[in-house]
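Welcome! Please take a look at the sequence and the model below, and then we can walk through them together.

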Amino acid sequence: MGKPMAQQADGWQNLEASIPSNYSRIIARELDLTVRQLPILLRGTALDVEQFLSEDSLLTPAQQVRVLRNALALSGQPEFGLRLGKRLTPATHGAMGFAASSSPDLLSALRAIHTFLPTRASVIQLHLQQVEEHLECRLDFQVPLNADLQRCVADTIVKVLLEFGEFIVGRPLYEAEIGFTHPAPEYHALYAEYLSGRIRFGCDQLTLKLPMTLCQEPNASANHENYRLALQQCEAMLAQLPTHKPNYQTRLKKMMLSRPPGTLSEEEAAASLFMNKRTLARKLKQENSSFRQIRDDILSQQAASYLCDSKLSIEDIAALMHYHDSANFRRAFKRWFGHPPEQYRQRVSSRGAMPPRA
């Protein structure tokens, strides 16, 4: 990455690409655009549709700002930032989502977001500071934005932080205090539908304040070591995928490996590629593959790796791979390998090598 944007206020439009394009594809989906309509969203960015649809593509801050400006105009809805923030669930944030979701508490999650945010959304910076009995999350814009775009980005990032908080705590954050710098907009009545807590407008600083007692409540679903293992494995598998002109199988694998195991649905995958399920199925069939086949291939590799390279229990592996019942995981594993997971692990231990798939 280049120098911090605060040091490049005059030359920010020349900063290098660092923002994952998946955020802009989510914007396109929120606008319900078709592939043919994407050039309207990309107007003024110098990006073509093929570049935009690539899972590996990165946008410069200037390109991201232009996409946001175009999206706000296309939506015709000033509350677009709130709607977009609702779409940006923890699973859409790659490594940042992995790290934050698996943190032991909300404070650790916010620290993870502080660390990763420059690699995900370099148009805004997060500062954390304890003020008496509260944690103050201060947000600063790193690029010049007009009033409408500032409001849009502020709405989005506050909703994103609350989404993480609600995931960790398991309920709406009624104790939150939100301070927006913009005056109360015409749609101010809609904020209560998207944001929990007390909201104030016309503040000096964009902030989210949370009681420290809330920030230190344990994340009941957290297992940082397990998620760290999952993240490392996904990153290793991503590195092995071909990078030149990826086909639909490779695109799908990259999408699956950029999310927590087993969470990508066929509907979401098709929508991310701006097509319906039938079209995606037809394109995969032309490559002698299918969504289920690709999903099973990735999940079976992950399951085998966990059994061979870790001491995780079968129940922990099932939970890590988002099986709601370990019995369902055992049935799937036996379908993949012809053996239940316990027997597979014993055979690997006794032979010192991985047995072949059935």
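## Before we start

Two strands are said to pair if DSSP finds at least two bridges between them. Helices (H or I, at least four residues) and strands (E, at least two) are themselves DSSP runs, numbered from the N terminus.

This is a predicted model, in which local features need pLDDT of at least 70 and side-chain atom pairs count only at pLDDT 80 or more, while totals for chains, interfaces and linings use all residues. Residues are numbered from 1 along each chain as its sequence is written, and side-chain values use heavy atoms, with hydrogens and water left out.

As background, strands of a sheet pair through backbone hydrogen bonds, either parallel or antiparallel.

How do β4 and β7 pair? Strand β7 (residues 206-211) and β4 run in the antiparallel sense, joined over six bridges. One example to find is Leu-135, whose bridge partner in β7 is Leu-210.

## Helices across the sheet

Gln-142 is buried, at 14% relative accessible area; buried means under 20%, exposed over 50%, and partly exposed in between (1.4 Å probe, protein chains only). Its C-alpha atom is 22 Å from that of Arg-25, a residue 117 places away along the chain.

## Salt bridges

How many salt bridges does the structure hold? There are twelve, each being a side-chain nitrogen of Lys or Arg within 4 Å of a carboxyl oxygen of Asp or Glu.

Helix α8 (residues 147-169) contains Asp-148 and Arg-151, three residues apart, about one turn of the helix. They form a salt bridge whose closest N and O atoms are 3.2 Å apart. Asp-148 counts as partly exposed because its relative accessibility is 40%, whereas Arg-151 counts as buried at 13%. Also in α8, and four residues apart, are Glu-163 and Lys-159, whose side chains meet in a salt bridge at 3.2 Å, N to O. Glu-163 is buried at 15% relative accessibility, and Lys-159 is buried at 6%.

## Links between separate parts

The side chains of Glu-177 and Arg-198 meet in a salt bridge of 3.3 Å, N to O. Glu-177 lies in strand β5 (residues 177-179) and Arg-198 in strand β6 (residues 198-200), so this pair ties together parts that are 21 residues apart in sequence. Arg-198 is partly exposed, at 47% relative accessibility.

Finally, a network of salt bridges links Glu-30, Arg-83 and Arg-87. Glu-30 lies in helix α1 (residues 22-30) and is buried, with a relative accessible area of 15%. Beyond its neighbours within four places in sequence, Glu-30 is in contact with Phe-80, Arg-83 and Arg-87.

Key:
Contact means heavy atoms within 4.5 Å.
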